[in-house]
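Subject: The structure to look through

Hi,

Here is the structure I said I would pass on. Have a look at it first, and then read my notes below.

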Amino acid sequence: MSRMLTIYQRELSYFFNSIVAYVVIMMFVWLGGYFFYNLVAFFNLASMQVMQNPLLAQQMNMTQAIFQPLFGNLSIVMLLTMPMLTMRLLSEERKSGTAELLFTFPISDWDVILGKYFATVTVFVVMLGLTLVFPALLSRYADPEWGPIATGYLGLLLLGMAFIAMGLFFSSLNENQIVAGILTFGCALFFLIIGWITPFVSQSTGRIVTELSILRHLDSFARGVVDSNDLIYYVNVSVFFLFLCSRVLESNRWRG
Amino acid sequence: MIEVHNLSKHYGSNRVVSQINFRAEKGEILGFLGPNGAGKTTTMRMLTCYLPPTEGSARVAGFDILEQSLEVRRRIGYLPENVPLYGDLRVTNYLDFVGKLKGMPRKTRAASIERVMQQCGVSEVSHRQVGNLSRGYRQRVGLAQALINDPEVLILDEPTVGLDPRQIIEIRELIRKLAGDRTIILSTHILPEVSLLCDRVIIIDRGRLVAVDRPENLKSRLRRALVVELEARGDREGVMRCLRSLPDAQTVEHLGTSGTDIHRLRVESNLGKDIREAVSRALADNGFGLLSLAAADLSLEDIFVQLVTGEDEQ
């Protein structure tokens, strides 16, 4: 445990002593802010237009019009930024040879995996936390529903954790960071759009595919629903990839 | 302290290390000698539990490298060949990081860091980033991290490679001082280093163990052919002919001429024959002047080449 904490601290200090974390966080917040501004501006315009019609005005809903699409957009930005955070985690250790020392210290593979995983999750939490500025800003001028916002953020957090586990796994496969990054991006994008095939396959296959889709599980969070099905889905993805990662570290050793 | 039994590592059909056996006792400095790609690093990686062996077993500090890997790793200090350190950390932070990973409690850690920095002479760069250090300092920081938990077994892969001559002497002195009650295994392809540092030498070639012995024993064991170097006065052809006519002279080599008629020559005898007397008598009988005569010592280089090429012929 204390050794995992040591890896965690070292990894976190690497993120914040190098420019990596700052650039990734800046891009995430900047793009997120741009999406947010556009959504609010559009909502503003729409509100003005429906003023004449009180019936329609009642149907105007900030959660649906701003936060649901915002969370969707943020998940796309995450798709692009998370591989940047995870790609060097293990591949760099192998490339620079530091893995040789690291794995001859009296620590287990899980100390390394979990230390690095949670350090990256921490960077992600900081990154996501900064976007809380958006609802906070909005609450000065309007009255957003905090429930769905909280669940939406929970959904994004779980999604990010799944992406990070995926990235850590791909980073363990290869000593080339770029390869690790591209594989993570490809894999994450695939699970994001896997649902598109549903209309063209049999019903039972379609059901499985839908369950595998990352986006589908995010939707209910954004609507304010915390379904155990979705929770288990994201936790499963994380655990699955972390487990694969530990298998890779083990097999790397046998193959040299 | 270290017992290696039939240790082998194969990659597919490529036998990188095959069937190596040796022991190292407490307080001993053991040298691994071999050309590049002989399997020195692979053997060390197996002993440090970085790579599992394909066959065979080894016990380090009393624990099995496969079954009790964590116990082994707790008791070793390892310096890999290219000294992979985290360049973004400062020396003290790096040593602290290693100390924590090696499970040292907070109380003893600070004192240990101070001690190893002193020992390895890196105190004056303690606040510099590891990545900005010169090769010599990096090497010493590498040695410091290996020493931090006061390990029973120290495994150093080419600890003096890439250092300038003064640094090499310093590191060697340090290693000798460290021996004491520790077991040290070091690999090198610099032969004099072995005779300077090691109590015993293991010569490895293409994954096989070619010889294990004390450096001086290796020398005497291999002094098969006696080499005589001499200076003689006379005409070059005459001297050469005279020496070649000796029954036990295998080769006669002309090394150089000084003045007009003083020749330096090297004569190699047949196995085990001392031909110094025969040489001096032959020269005197033929009226040449013998100015100096000495048996040349076989260097470890010669031994090494003999052993390694001897394997070739089999």
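This is a predicted model: local features need pLDDT of at least 70, side-chain atom pairs count only at pLDDT 80 or more; totals for chains, interfaces and linings use all residues.

**Chain B as a whole**

Let's start with the overall build. Chain B has 11 helices and 14 strands. Its radius of gyration is 25 Å, while the globule rule gives 20 Å for 314 residues, so chain B is more spread out than a compact globule. If you draw a box along the principal axes, the C-alpha atoms of chain B fill roughly 80 × 45 × 35 Å.

How much of chain B is buried? Buried residues come to 39% of its 314 residues.

**Where the two chains touch**

Chain B puts 20 residues into the contact, and chain A puts in 19. On the chain B side, the elements giving two or more residues are helix H2 (69-74) and helix H3 (91-101). Sorted by class, that side of chain B has 12 nonpolar, 3 polar and 5 charged residues.

**Helix H9 of chain A and its partners**

Now find helix H9 (residues 146-173) in chain A, which packs against helix H10 (residues 177-193) of chain A at about 140 degrees, with the axes 8 Å apart. Angles over 145 degrees would count as roughly antiparallel, so this angle makes H9(A) oblique to H10(A). Their crossing is right-handed. On the H9(A) side, the contact includes Phe163(A), Met166(A) and Phe170(A), and on the H10(A) side, Leu183(A) and Cys187(A) are among the residues involved. By class, this contact has 8 nonpolar, 3 polar and no charged residues.

H9(A) also packs with helix H12 (residues 214-222) of chain A, at an angle of about 155 degrees and with the axes 7 Å apart. Is that pair roughly parallel or roughly antiparallel? The angle makes H9(A) roughly antiparallel to H12(A). Here Pro148(A), Thr151(A), Gly152(A), Leu154(A), Gly155(A) and Leu159(A) of H9(A) meet Ile214(A), Leu218(A), Phe221(A) and Ala222(A) of H12(A). The class count for the H9(A) and H12(A) contact is 7 nonpolar, 3 polar and no charged residues.

Cheers

Technical notes
Residues are numbered from 1 along each chain as its sequence is written. Chains are lettered from A and ligands numbered from 1 in the order in which they are written. Helices (H or I, at least four residues) and strands (E, at least two) are DSSP runs, numbered from the N terminus. The radius of gyration is taken over C-alpha atoms; the globule rule is 2.2 Å times the number of residues to the power 0.38. A residue is buried if 20 or more other C-beta atoms lie within 10 Å of its own, exposed if 12 or fewer, and partly exposed in between; C-beta atoms are placed from the backbone. Axes are lines fitted to C-alpha atoms, for helices over the stretch in contact, and angles run from 0 to 180 degrees between N-to-C directions. Angles under 35 degrees count as roughly parallel, over 145 as roughly antiparallel, 65 to 115 as roughly perpendicular and the rest as oblique. A crossing is left-handed if the near helix is turned anticlockwise from the far one by less than a right angle, and right-handed if clockwise. Two residues are in contact if their C-beta atoms, placed from the backbone, lie within 7 Å. Ala, Val, Leu, Ile, Met, Phe, Trp, Tyr, Cys and Pro count as nonpolar, Asp, Glu, Lys and Arg as charged, and the others, Gly among them, as polar.
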